[in-house]
Each structure stands twice: as C-alpha cells, then as structure tokens.
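Visitor: I would like to learn how to read a protein structure, one feature at a time. Could you take me through this one slowly?

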Amino acid sequence: MRRPITILSFVLLPILILLGLYFYPIYPTAESSIKGPTQPILFSHKIHAGDNQIACQYCHSYVAISPWAGIPSVQKCMGCHSQVAGRDVEYQYDGKKINIKKEIQKVKEYWDKKTPIPWVKVHFLPQHAHFTHKRHILRGFECKTCHGAVEEMDVVQKVNRLEMGWCVGCHTKNAKDEEELTRLKDCLTCHY
Amino acid sequence: MSDGKKGGIKRRDFLKIIGVAGGTAVVTGGCSPEPVEQIIPYVIPPDDIIPGIPKWYASTCTECPSGCGVLVKNREGRAIKIEGNPLSPINSGSLCARGQAALQGLYNPDRIRGPLSRNSSGKLQPISWDNAEKALLEKIQEIQKQGKGNKIVFLTNHITGSFGNLIDKWLGALGGGRHIVYETFAHEPMKEANRIAFGTDKIPTYHIEKTKYLLSFGADFLETWLSPTEYAKKFSHSHSYNNKAMGKLVQVEPRVSLTGANADEWVAIKPGTEAFLALGIANVIISEGLVTNSEAGKLKGLLANYPPDKVSSITDVPEETIKRIAKEFVELGPSLAIGGGTATTSSNATQTLVAINILNYLAGNIGETVNFGESLTISQVSSFKEVASFVDSMSKGEVELLLIYNVNPAFTLPESLKFEEAIKKVPFVVSFSSFLDETTEQAALVLPDHTTIERWGDLTPREGVYGLIQPVMSPVFSTKATGDVILSISNQVDGIKDQFTWKTFYDYLRDSWKNEFQPKLAPEKDFETFWNEAVQGGGLFMQVESPQVQLSDGVAAVQFTEPRFQGEGDMYFVSYPSSRYYDGRGANKPWLQELPDPITTAVWDSWAEIHPNTAKKLGVKEGDFLSIESPYGKIEAQAFIYKGIRPDTVAVPLGLGHRSYGRYAEKRGVNPIAILPVATDEISGGFAWLSTKVKVSKTGKWEKLVKAQMSMSQGDRAIAQAVTLKEIQNGLHGEEHHEEPDIYPPHKHIKHRWGMSIDLSKCTGCGACVTACYAENNVAIVGKEQVSRGRYMGWIRIDRFFEDDSEDGAGTRFLPMLCQHCDNAPCEPVCPVYATYHNYEGLNVMVYNRCVGTRYCSNNCTYKVRKFNWFSYKWPEPLNWQLNPDVTVRSVGVMEKCTFCSQRIIFAKDNAKDEGRDVRDGEVTPACAQACPSKAIVFGNLMDPESNVSRLSKNERGYHVLQEINTKPSITYLKKVKWDKA
C-alpha cells in the first residue's frame, strides 16, 4: 500500500535536500582555515611584525582609542618606505616567489598617484554586532588572542571565526565574578 | 484513528519531515558566505578624524532668523547629527525640529548638484564652474560697460554680518545696485509700533522667564515667533510648576495655535480686534486705579474712549474677562504682554502693537521683561513696501540683473503681486539656491551655494550674539560658496579689482572679524587666540543691558481702527506659519513632513481647521474637502474639526503646496498665500496675512485625513494626568497606588537602573524630541500611505489629548510616549525567540537579529510603542549619509522601539571606564532629552538616590501611565498643573 508518507519521503525529501545544497555556500567551515585573500600588494606581516618587530599599534594606531583599529594611511607606509626601498631579492611569499623591491615599488606608485591602496578585508564582524577594539586592548588582551600569530604569517588569515559562540566563550571565561558575567553575557553588550 | 491511515499525515511523520527541513535550514543559516570587501585607507590622514570617534563642531543654524547656536556631530568626515550649542544664550543646547532637519537639506537627494545654465531650448543644463562663472562675469562686464550698475538687484534672506557686508560693498563698487533683504515674516509692525511708542525702531528680547503673567496676543512663540526655541525654554522656566507656584499664560487669538494649546486660558477674540482689547484692559487698569504710573495721565484721554462694554462689543470678549485680565495683569506680575501671529498681521497691526506697548508701559514692564538692549537684527530686513516696489521695477524692465540668494519669493509672495510675471522681464536671473524651487526655476544661471553645514559665515541674530558658521564637512556636491563666487568674479572685473583683494570668503570673514568685532569685543587678545576661541565656541556671546525708554507723546495721536477685510465671504481666513515648514522652506525635508503636526497630528499634507458648529452647518466631517474661495483664487483642503477655532474662522497652515522643490515637497497640500490679496498694514506697510473673508463650501470629495493619532480624547483613561494649582498647593493625597504583590522575584539590577522622568507641565508638544530620535536612531520615513495604515515608525510620539470638559483647545495635554522600559514588561514573556528581554540595567532590550517578526510583543504592549518594519525602508542617496553608524539600520520583518539611546549609554560608560570612574549623573542624555527646548525630559540612574531622575520620580506629581496594569515602567510622568477655573 502506498502511504502518502512514502510519496513525501521520495519527493519532498530530495527537494528539501537539493534546496539545502543549493543554499549551502561553497565556503569552508570552522577552523579548516581559509587562505587569506590576495592583496593588491603582496604585503607580509611576517616581515613587518615578525622580522622587524614593528609593534602592531605603530600601524593600527587607533586600536587603543577607538572601536576600530584602523589601517595605516599610504602616507604612513611611505614614512618608512621613502627610506626603505627593500632588497632586490626573491622572497618566498606564501609558496610564491616574489621580489621585495618590486612590491615596495607598488606602494610608491600609489603614493605618487595619491590613490589609496584597496586592501581586501580579512576579518569580518558579523552583521548586527558592535565590537570595540579599545575596551579589549585596555583590558590587556593581546592582538594575537583573536588575530593569531600574525607576526608569523605572510598572508594574514583568520584563525578564529568571529562568531557569537566564540565571543561568548571568551567573555564567560574571563568574567571575574557573577556580576561581570551578567554584564559580559548581556545581548546589549554587542547588539544594538 | 482510521482516518489517519487512509490519508493525511500522522503527527509523528509530520514532525520527522519538519525535522529534516529544519535541519536543512540550520545548515543554510549556519554559515553564509562573507562578502569580498575592501578597506580603503586614507592617502594622507586628516589630523582631526579618528575613525570611530565622533567630533563636534560649533556653528550657527540658519533655518530661520533666530540664529540658534549648534553643534554638529561629524563621524568619518560626515555630518550625522545637529544639536544645540550649550554656550549659545539663545537656545542653550536645545534645538527645534527644523534646525535638526538642516541635515536633510544637506543630504537632500534633490539638491542641485552643480552649476546649471539655461540652454537654447529653455532647459537648465549642467555646466562647469569655470563656464558658469564666466557667464556671470560677462554679464556683469556688459552691465558695467553700459553704466547700468545701479540696475543690479541682489535679493537675499536675512543675512547679517560679513556676507551681507560683502554683498553691499560689491553692489556699491559695481555702481549702486540694490540689496533687498526679504524675509517672509519681517515683523515690521513691531518695529514701527516701538518707534511710535518708545522712539526706537528695535525689536526687543522679551524676558518671558521672569514673567509670572504672560498675556500673548496671537504670538506663537513656541512655533515660529521671533525665536521659538529660546522662548520655549524661557516659557518652561516661568510656566512650569515649581515651589507651589507657576506662571500663567493667557492667549488671545481666533484660532488656538500650539502656543494657545499650552495656554491656561484662551480668549477667542474676533480676528483683528486685539488692539481694542489691549486698550480696554489698559482702560480698566487706569480707571480702577490698579497702577499709579506717573505718566498714566498722558493716556487717560485716549483710553477713556475704550470702556470695557464698548470693547466687549467690538472684540466679542466678555466684559468680566476684560476686567479680570486687567486685574490679573497688574496683580500677578511681573507681567508681560506680547503681540504676534494673527494679532499683528491685519490692516491695524501697528496699532495693535502700540496698544500692547501701552499695556506693558502701564504695568512697568519696559526694561524689566522687555529688553531693548538685546534687540533683534530681524528689524533690519527690507520692508514689504521695498519688496513690492522692487517687483514693480522688475515688471517695468528696470532690473538688468537679478541675483537670488536663499529666498523663494515665487512661493512666499501672494500671487496677486505677480512676482512671476515680473521676473520674466528681467534679462538675466542668477540663483544661488541649493534647490530647484519655484524661484530658481525662473533663473538663467544657477550657481548653487554650499549649505550652512559646508561653508564659512557669520550671523548676528541679536545684539550680544555674534555667531560663527564653520564648515563641518567637505561639500557633498559640486557647489561653491557664494562669497567665493563673488570674490573670484570681482578679481576679474576692471575698476573694482583693487577693492576685492581677498582670495576666498574665508579670508574676508577673518578680516572683518579682525577689523570689526575684535576691537569692539576683545581688544586685549591677539587675533589668532580671539579667532580660534570664537570658532571653537561657535561665536561670541554677551549680555546687553536694557536701556531706559520713555513713552513718547506720539502715542496719543494714534488712531485705532477696526481691521479691513476683502472678499464677500462670511469666514475670516487665517493662514499661519507652520511649526514644521516655517514659510515653506522646510517642506523638502522628510523628517519634517513625517513629524506629526502638534495639534492635528496630520502628516504629509495640508488641512483646513474649522469649528464643530461650522462643520455641522456645512454638513462636513473630518477629511471632507472644503473649497475656500477668496476674490483672488480658490484652494481645496481637507477639513479638520477643532474646538480651538472660532466658528466664523477657517485656518490653513502655510508651507505646503509647492509646484517644485524636490520630491518630498512637490504636489503636496495647498499654499494659502495663493488666495491672499496684496494687503498691508496701514501704518507700517507690512504684509497683512489676515485680510480676507472667504467663502467656505463642501466639495463632496472625501479622503481620510492622514494623522499619526486618530483619537482626540483620552476618554476615561487617565493617561495624561493633571491637577489644579489649588489641589497641589493643598497637598496631593488619597491617590497613592498600592503595589500589587508579585509571584516572581524582582529583577536584579547591577549599579544602574536607567529611568526617565517627563514633566507634563513643561512639555509643550513641539516635537523637537521626535526629530532628534529620528536623527539619532535611523528611524525610517514611511510616507503618507503607510502612516495612514498605522505604520508610523517614530519611537517617540507626542500624544495629544483635548480636554473633554473644556469648550476650547486651550489646556490641551501633550504626553511624549515612548518605550516605558517596564520592569514587568508585557512584551517580554510573549516573545517566542527571546528577542526582547529585561537586562541588568533595567533596559527592555530589543535584539534585532533574534527577532523573527511575530509581532506578539507589539500586540501585548500596553503603550503601543513597538514598531514593526513592514518593508526595508530606503534612504535615497545621499540621505543615507546621515545614518548614525552606531545604530543598526533595521530591515523588513523586524520589530523596533526606543532603546533609551543605548548607544549613548554604552558610549558614556566607555568614557567613564577610561577615566576609571562611574558614570556621572547627567552624563547620559538620550537624543530626545537633549533636544527638548523646555527640558521636560530628565534621564538618569534610578539606583542612585541622589540623581536628578530619582528625585523627580519621587515627586508628588509623579505617576506611571496606566499603572493599574502593573507594568512598573521606568518612566515617571509628572502631572501637568492647571490653573483653577476663574
């Protein structure tokens, strides 16, 4: 006997699964980790923050005073690179061979044309959430707590998915007492 | 069940399928792809911008001639909010809705985006600035060659200070052209009356704040009269209940304005007869010996002609009322009589104001509550006579070049003056307007100026207030400061080059402050310090003492006449300036269009106010279109039936009925100026708005009059409560509300419980808070159609209730209604997804991304303050530039409501934490409380017993709206205090 449920399982279920697959994004999940995007200049955080030990705040200078860390102006890049032209050597950049001097030359080109460098965003704050760098830095968190060991990365990539569960996990772990836990777990902390 | 086997789905199977579908949905929703986005750095970072941190710049508002000081909030290079400048003695930190809406002028999608020139087919077409300036230069050179420099006319609004001086100097250098300063409301009769009575043609500042008895003859000082934000503040000071006392306001006018609605008594006088009432009152004061003024003798002869019985028959005001007011005027002092609005716009306007001056003089108010030292510069604008003669000279072909700056006479002058025919006779018309309004449509060349937010300038609204205007952001469009245009052209005209050596208007402005203001105001400082202080503070402000003035003998010679009316109709026609659009210049700003009118609560359209008896006689109900016919034309508007108007009067607000002025203003409502004659005040020559009797008839057409609030009365529910002065002086008791027992334990709050108090004896219903909320919280504009479906989005609204037992509109109660942040909120338990909840600081939080739009919360809300997004509303580019980046822009399917400006709470807490302290009382001010001119709203921490709001919440007048429902709101209203019936 053909029960309606059988029809449903054969017709409706595949449709639902197909729909699910259709909407399922071609995008890796969790910490399978994505390659960082290709930037207009093959900029290496490893050379800057790692090899040359430039403090993060030298370039991301608003991090302790504003919700946003800020990215350096082209003028700031040129502040050093008008002196530092780079060695004319090959460099292994993320499995690719690049010439450092040529990459630095690109910065100068942007500067000469007085156009901004269109960097590609790596860290996205999910919609409907507000976040302030300032409070986290002033509380004493290091940049790497969220952004990972950037000083070891040529191409910056996300090491943490900036999602609510991850945020709340950290907020829960770091609350000093019951009161602070209430405050840090309140929706209004981020959603307004 | 056998049925279940045969067909249909069993419950268990159904759940299985739903389970799968649900799972799919989770996978889908779990990780949406992130967009590819760029971060664009500055090439060279500006010194004063830190991304994410707002900067405030002081400037001066130019939306009306009051000249309030403003602070403009700038985020990442964009102006996003305007607030009052606390240093300005005019508005002391508050700002009206019109001033705040200047942002929607700046970002208006219909702004002229660059210079335009009329091509051969008669259309305005974009051209380059170089060519545009060249076109003007060539015209000027041609005129100069012909020696017709005196045939240039520069028509501007009331611009004082450097820009006005530059224009005068420029016209002089070019051969003596005329500078006409045109303001729609020029207050000429006031100037003239003061000259006649006191020998000074100044317009004084009135110290309403010192007044205990204010007798206002038609002056709508809460809406448009002289300086509304300033007077709202002063009125609140004198009229709100404090220390067992309060001031009294008696409003004399044929139609109850917003000011009248705030009055303690309405005297429904016959239109235009106010002079006689003032004289009648003066007569009683003298004949009953209420004052012993040495100069009263001078007036005895004059006043003897106006005994109360005679005055009563002229004015329709009962004899007893005249006698009582006379007595109160002297006894309840310090008193003050002022005149404006309908009282001062008929053919006897100056006479009325002379009579009012006499009253003030008799009561000894001159120098006390009338200050001629702080006189207003509006008295310097051109007279209507000059404007009319200029129109006449245009039609005679005597104007070669007309330059128009910031005025729209084609809209604000009566059609019967035939401005539009006249302007067609001018060979070359240049407009510097930001908008294609009715006048700019006539121009051959359009050289759009920056808006006030983008340019340098100065403004002196009155003696002692020298406001500076500074650019707060770079220009949105390809516009150029008109001062710069004048200078760059002058640099190329032979013969005048040497007189105009400044490169930019900024240089000129600095120079004039150096040469004019500094020697006068601060000669001891070096100029850079002086200038920087002035720019930082938004100008220089000082007090000016009132000089002594004497009543001049000329008063006795004034002939008092009854007003003249044209037209055969049987109804007086009152057209009054709108509190939202002023003379029409506000009509292109959607915030103002959607701000409900304080009296009718109508939006996006015009209406005609008539008395219920008149309506009955005409067989008219609300929404019926009325035809209003004068000898000069006919308009049609929907009826609004209102007790606050005389049965023989019909009133239509000004400001709408634009033919062109952008998408928000065009083809909306009617312009009552269209049916007015060119009538003037006999003595001063000022334009007489109240000069017509009209025929009113029913057209048979009906449409729903779109209003934000449908009910007129609060019925038997005590929503907006009031007590009489006697009751409260005797002590309020017997009204204590007993706390209901609760099953659940009370909420725990940590450190703060945010709360608010709203003093109904201070709230005037002006609506500044509503616009402030729109600006701060990205509240969507929904348009007329959606408002008519009840989808108005305002988070705070002013509920307006007419008193049921009262025969008139006076004593109308206004109640700002917003989310009450209830401790026991009905919305919270019904939300199936926990999108709204009570947080640890007592806020009723709304989490947009949790909300699935069931609307249960709204259905269950006692106060109907939750608003649902039926659509994703759009802000047409570049209006969206104004959006506050600290507040989420909500999209379709989401509920929203007042958050107590949680972003401001977070900001203040963040600041306090930086400094290692707690948030101070008064440090968090929601946008509504910040804007309020009368400071009716106080916000703060209810857990701090010392805070302002805590003290106010325990006030004897305090109550919660609908407290019998036991929602335990965080907002305490303080009952309005009414005078006992005389």
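**Cysteines, strands and domains**

Guide: Let us begin with one residue: C59(A) is partly exposed, with a relative accessible area of 24%, where buried means under 20% relative accessible area, exposed over 50%, and partly exposed in between, for a 1.4 Å probe and protein chains only. Please keep in mind that this is a predicted model, in which local features need pLDDT of at least 70 and side-chain atom pairs count only at pLDDT 80 or more, whereas totals for chains, interfaces and linings use all residues. Residues are numbered from 1 along each chain as its sequence is written, chains are lettered from A and ligands numbered from 1 in the order in which they are written, and side-chain values use heavy atoms, with hydrogens and water left out.

Visitor: How many disulfides does the structure hold over all chains?

Guide: A disulfide is a pair of cysteine sulfur atoms within 2.5 Å, and over all chains the structure holds zero of them. For C59(A), the closest cysteine sulfur belongs to C77(A) and lies 6.9 Å away, which is too far for a bond. In chain B, the sulfur of C822(B) has its closest cysteine sulfur in C819(B), at 6.4 Å, again too far for a bond. C822(B) is buried, with a relative accessible area of 6%.

Visitor: What does the secondary structure of chain A come to?

Guide: Helices (H or I, at least four residues) and strands (E, at least two) are DSSP runs, numbered from the N terminus. Chain A comes to nine helices and three strands, and its elements, read from the N terminus on, run α-α-α-α-β-β-α-β-α-α-α-α. Of the 192 residues in chain A, 33% are buried. A contact means heavy atoms within 4.5 Å, and among the contacts in chain A between residues at least 6 apart in sequence, 63% join residues at least 24 apart.

Visitor: How should I read strands that lie side by side?

Guide: Strands of a sheet pair through backbone hydrogen bonds, either parallel or antiparallel. Two strands count as paired if DSSP finds at least two bridges between them. In chain B, strand β21 (residues 571-576) is joined by two bridges to strand β26 (residues 693-702), and the two run antiparallel; here Y572(B) has K693(B) as its bridge partner in β26(B). Strand β23 (residues 624-630) of chain B is also antiparallel to β26(B), with five bridges between them, and S627(B) has S697(B) as its bridge partner.

Visitor: In what order do the four strands of the open sheet in chain B stand?

Guide: The order is β35-β28-β37-β36 (chain B), and the pairing is mixed. At the edges stand β35 (937-941) and β36 (958-959) of chain B, each with a single partner strand, so one side of each is left without a neighbour in the sheet. Strand β28 (residues 754-759) and strand β37 (residues 971-974) of chain B pair in the parallel sense over four bridges, and the bridge partner of I758(B) in β37(B) is Y973(B).

Visitor: Into which domains is chain B divided?

Guide: Domain bounds come from an automatic or database domain assignment, and chain B is divided into domain 1 (188-366), domain 2 (571-702) and domain 3 (722-739 + 746-978).
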